[in-house]
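Subject: A structure for you to look at

Hello,

I am passing a structure on to you, and I hope you enjoy looking through it. Below it you will find some notes on what turned up.

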Amino acid sequence: MKPDPVRRRLLGLLALGLLAGILSVAAAEKTPGQSYFDAARYVEYVAGDLPIVLTAPHGGRLKPDAIPNRTKGVTDMDANTQELARAVLDALRARTGRHAHLVASHLHRSKLDPNREIEEAAQGDPIAQRAWRDFHAAIEGALAAAVARHGFAFLIDLHGHAHPIARLEIGYALDAKQLNRDDKSFDASGVMQLGTLRDLHARLGGSAAALLRGPGSLGDLFEARGLRATPSLKEPQPGEHPFFSGGYIVRRHAAAPDTPKVDGLQIECPRPGVRDTPENRARFAKITAEVLAVFLKANYGFDLDPKK
Ligand SMILES: [Zn+2]
């Protein structure tokens, strides 16, 4: 039986829509909790209705032959960081009944590194370049949807490190040299304007050092719940130890001057106790939801918890 012309035309339109990529639908029109993909299924966007946007650029495992291996820069994946990001989504949903946004790259880092500018990220390959653009467009869409709904967005870029000290390294796009100053000299330096909490600090005023590592800072809230972190009240400065300060994603989408109403951070997670087992990922996720509830309430007046 031959399909009639109307039916054939509808099927054709449907195929075209799939080829164009469902990611291109505006984030605000998507269903919270549902996953959307680009045509090649290299980039996944889980739509949300909270102001929190998670990104997992280095947790992908796909190695398609169609994309040549990257030959420059780091090509190792951050093991289990996509699973870690999904655990945070689950913990937030369990706590609030609502959904954070997630943008995850399914490509292995040997094929694409979305946490670099496009030249190093895709190294000239058009398929990888397209996935890079889809990844960043999905972040922009998620942030815009969060700002439209809540008046602000909070970006959390999740990574894994293998440094000798097993602590969370909190990347505010400020490096160890800047953070190793004492509070007075840090505040006087004005570098907070280059960091991922620039908009929050501009709104709140006061000591920049206190916002980054004083009581109630993100590092302090993690420490108080048993997760070692720097910068924090206990470990205000990274010192001379290896420290990741925040990469392309948080610098472009949260720290840049053209990102008003977007704040955030990069979290570099050690493997032992955080990324290694489903139980530890769930524990980290539950603590992260608690930390966000306290921090967003205190600094944005946003209530993460459901109405009693
Ligand atoms: Zn990473």
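Before the details, a word on naming: helices (H or I, at least four residues) and strands (E, at least two) are DSSP runs, numbered from the N terminus. Residues are numbered from 1 along each chain as its sequence is written. Please keep in mind that this is a predicted model, in which local features need pLDDT of at least 70, side-chain atom pairs count only at pLDDT 80 or more, and totals for chains, interfaces and linings use all residues.

Let me start with confidence. pLDDT is the predictor's confidence in each residue, from 0 to 100. Its mean for the protein is 93, with 91% of the residues at 70 or more. Over residues 9-20, however, the pLDDT is below 50, and this stretch has 2 contacts in the model beyond near neighbours in sequence. Two residues are in contact if their C-beta atoms, placed from the backbone, lie within 7 Å. Where pLDDT is low, the predicted coordinates should not be read in detail.

Next, a helix. H2 covers residues 81-96, which makes 16 residues, and spans 22 Å from its first C-alpha to its last. Among the buried residues of H2 are Leu84, Val88 and Leu92; a residue is buried if 20 or more other C-beta atoms lie within 10 Å of its own, exposed if 12 or fewer, and partly exposed in between, with C-beta atoms placed from the backbone. Just after H2 comes Gly97, with a positive phi of about 75°.

Some backbone details are worth a look too. Ala173 is not a glycine, yet its phi is positive, about 65°. You will find Ala173 in the loop between strand S6 (168-171) and helix H5 (176-179), and it is buried, with 24 other C-beta atoms within 10 Å. Thr230 and Pro231 are joined by a cis peptide bond, with omega about -5°. Pro231 sits in the loop between strand S7 (229-230) and helix H10 (248-255).

Lys261 also has a positive phi, near 75°. Its loop runs between H10 and strand S8 (262-269), and with 17 C-beta neighbours inside 10 Å it counts as partly exposed.

Which residues does Asp199 contact, leaving aside its neighbours within four places in sequence? They are Pro260, Lys261, Val262 and Asp263. Asp199 belongs to helix H7 (residues 198-204), and its C-alpha is 6.5 Å from that of Asp263, 64 residues apart along the chain.

Best wishes

Notes:
The expected span of a helix is 1.5 Å times one less than its number of residues.
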